[in-house]
Amino acid sequence: MKCTSQQVSSDKPHGDQPNMAGNFSEIIKSICIEEGFSKVGFAESCVLVNEGKYLKHWLERKMNATMDWMNRTFDKRTNPALVMDEVKSVISLAYIYDTPFEHSPNKNIPKISRYAWGEVDYHNFLKKKLRSLCDKINGLDENIKTKSYIDDGPVMDKAWAVRSGIGWQGKNTNVIDEKFGSYFFICTVLINLKLEYDSPVEDLCKNCSLCLYACPTGALTQEYELDSNLCISYQTIENRGNIPEEIDLSGWIFGCDICQDVCPFNSNNYFTNDFQFSPVKEKIEKTYDQLTVMNEDDFRKLFSGTPVMRTKFEGWKRNLKSAGKRI
């Protein structure tokens, strides 16, 4: 099946047993909420035609920088059936990670993205939740099969989140919910079951362009388009080479929250109840000088089990050096 527009073809379930689809849909959504997810949406599995065209054009212009795995998995990303041959539906889940804390205004203290300043790696944390969730869903019927991802598989998680009504994809390319904002992780579950499908929501960015103006490197080259080569998050996490001299990290040494911090929908103050995502004092109050003198053992002790380990010690030192030049 091919989908040629953002709108799902029907809001009603398809298949031989629509009542069963409705019953399972209600039960599955309840299970997802019980597992701590803030929002759940269902979309009909299909080939992502329009989204695939955009992704291909984006890749052709090398806006994925060195992230070549996006090219290698293009077909799977646009066709869930190549990931799970029996897939009928895609479940999208939102898990809020924002906390009521702010970065230090002290320019001598570098910044770590909100999702990484706590004591837990969201990949490990949410994979456990997804295993528990899928076990419960699979237990509803012996014929049900699921496959789950948390931004670590060949699925277009943002595209499915939009199709399932989790939110709209904003001008900063993040998925935004009118109530919760955008500080949430997106999980994706493929399932071999017809469900009652949700509809996409309205794009409420309208005339607002705060995120485009706020990006210090111009990574948001135009509305709804991000050039990874210019993105602070890419440079401090995914880039394994040198950070170009012209890239001003603006004090960020792991990730970047600027385009989300300025978004009006993130001012609604919806926070997670999970203390594991609250900032660890030792990580967010150290100055450049204090962090620079750390050796690799110190680095591992402070950041072990968190997303910051992804940049490795050498990348960490590189980020500190690059950001520190601008003080």
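Helices (H or I, at least four residues) and strands (E, at least two) are DSSP runs, numbered here from the N terminus. The model described below is predicted.

An open sheet is formed by four strands. Their order is β2-β4-β9-β6, and the pairing is antiparallel. Two strands, β2 (39–44) and β6 (146–149), stand at the edges. Each has a single partner strand, so one side of each is left without a neighbour in the sheet. From one strand to the next, the twist averages 20 degrees. Helix α5 packs on the sheet and touches β4, β6 and β9. The direction of α5 makes about 35 degrees with that of β9.

Strands of a sheet pair through backbone hydrogen bonds, either parallel or antiparallel. Strand β4 (residues 89–96) takes part in two of the pairings described here. With strand β9 (residues 184–191), β4 pairs in the antiparallel sense over eight bridges. Within this pair, L93 stands opposite C187 of β9. Six bridges join β4 to β2, and these two strands also run antiparallel. Here G41 has S92 of β4 as its bridge partner. Although β2 stands at an edge of the sheet, five of its six residues are buried. Strand β2 is therefore largely enclosed by the rest of the structure.

The largest nonpolar core has 55 residues. Those with the most contacts inside this core are I28, I91 and L93. Helix α5 (residues 122–138) gives the most to the core, with seven residues. Beyond its neighbours within four places in sequence, L93 is in contact with C32, F37, K39, V40, L130, L133, F185, I186, C187 and V189.

A search of the whole structure finds two cavities of 30 Å³ or more. Strand β5 (111–112) and helix α10 (281–284) each supply at least two of the lining residues.

Backbone geometry marks out two loop residues. Most residues other than glycine have a negative phi, and most peptide bonds are trans. T173, which is not a glycine, has a positive phi near 75 degrees. T173 lies in the loop between β7 (168–169) and β8 (175–176). The relative accessible area of T173 is 9%. Buried means under 20%, so T173 counts as buried. K206 also has a positive phi, of about 50 degrees, although K206 is not a glycine. This residue is placed in the loop between β9 and α7 (210–214).

A further loop, between α7 and α8 (232–238), holds A219. A219 is buried, with a relative accessible area of 1%. Not counting residues up to four places away in sequence, A219 touches E225, L226, D227, L230 and C231. A219 and C259 are 40 residues apart in sequence. In space, their C-alpha atoms are 10 Å apart.

Key:
Residues numbered from 1 in each chain as written. Predicted model: local features only at pLDDT ≥ 70, side-chain atom pairs only at ≥ 80, totals over all residues. Heavy atoms only, no water. Core = buried A, V, L, I, M, F, W, Y, C linked by side-chain atoms within 4.5 Å. Buried < 20%, exposed > 50% of the residue type's maximum accessible area, 1.4 Å probe, protein only. Contact = heavy atoms within 4.5 Å. Pairing = 2+ DSSP bridges. Axes fitted to C-alpha atoms, helices over the stretch in contact; angles between N-to-C directions. 1 Å grid on protein atoms, 1.4 Å probe; cavity = no way out; pocket = protein on both sides within 12 Å on 5 of 7 lines; lining within 4 Å. Points joined across faces, edges and corners; volume = space filled by probe spheres on them.
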